[in-house]
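Please look over the chain shown below before reading on. The notes that follow are grouped by topic, beginning with a single residue.

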Amino acid sequence: ELTKVALASTAMAAAMLAAIALIDAALGRGGARNLLELVGGGAVGLAVFVGVAWMLHVRDMAFFVDLIPSRFRSAKQIGR
């Protein structure tokens, strides 16, 4: 499990760095760019971590799915 989480974390870090570099190249200096780098990099990193961890079948991901309110879960997950 530790190896799976380490792989997901490495993919997350790489995605965050790529997102920040793209935003940095696209926008000039300023507070808006910094905020967009923070929010955009964080969102991309979160999405990549969850996606990779889910694909690698990290056991603890099921715990987080259970935290999602049932109205947002698919019918397949509710009936498990």
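Is Arg59 exposed or buried? Arg59 counts as exposed, at 63% relative accessibility, where exposed means over 50% relative accessible area, buried under 20% and partly exposed in between, with a 1.4 Å probe and protein chains only. The model is a predicted one, in which local features need pLDDT of at least 70 and side-chain atom pairs count only at pLDDT 80 or more, while totals for chains, interfaces and linings use all residues. Residues are numbered from 1 along each chain as its sequence is written, and side-chain values use heavy atoms, with hydrogens and water left out.

**Overall fold**

- The protein chain contains four helices and zero strands, helices being DSSP runs of H or I with at least four residues and strands runs of E with at least two, numbered from the N terminus.
- Read from the N terminus, the order of elements is α-α-α-α, and 19% of the 80 residues of the protein chain count as buried.

**Packing of H1 and H2**

- Two packed helices are described by the angle between their axes and the distance between the axes.
- Helix H1 (residues 2-26) packs with H2 at an angle of about 150 degrees, and their axes are 8 Å apart; the axes are lines fitted to C-alpha atoms, for helices over the stretch in contact, and angles run from 0 to 180 degrees between N-to-C directions.
- H1 and H2 are therefore roughly antiparallel to each other, given that angles over 145 degrees count as roughly antiparallel, under 35 as roughly parallel, 65 to 115 as roughly perpendicular and the rest as oblique.
- The crossing of H1 and H2 is right-handed, a crossing being right-handed if the near helix is turned clockwise from the far one by less than a right angle, and left-handed if anticlockwise.
- Asn34, which lies in helix H2, is partly exposed at 42% relative accessibility, and its C-alpha atom is separated by 9.2 Å from that of Ile20, 14 residues apart along the chain.

**Salt bridges**

- Side chains of opposite charge can pair when their charged atoms come close.
- The structure holds four salt bridges, each defined as a side-chain nitrogen of Lys or Arg within 4 Å of a carboxyl oxygen of Asp or Glu.
- Glu1, Lys4 and Arg59 are linked in a network of salt bridges: the closest N and O atoms of Lys4 and Glu1 are 3.3 Å apart, and the side chains of Arg59 and Glu1 meet at 3.6 Å, N to O.
- Arg59 lies in the loop between H2 and helix H3 (61-67) and Glu1 in the segment before H1, so this pair ties together parts that are 58 residues apart in sequence.
- Arg33 forms a salt bridge with Asp24, with 2.6 Å between the closest N and O atoms; Arg33 is buried, with a relative accessible area of 12%, whereas Asp24 is partly exposed at 36%.

**Nonpolar surface**

- Leu35, in helix H2 (residues 31-55), is exposed with a relative accessible area of 53%.
- Together with Leu38 and Val39, Leu35 forms a nonpolar patch on the surface that has about 320 Å² of accessible area.
- Patches are made of residues with over 30% relative accessible area and no salt bridge, like charges being joined within 9 Å and nonpolar side chains (Val, Leu, Ile, Met, Phe, Trp, Tyr) within 5 Å.
- Accessible areas come from the Shrake-Rupley method with a 1.4 Å probe, and for residues only the protein chains shown count as cover.
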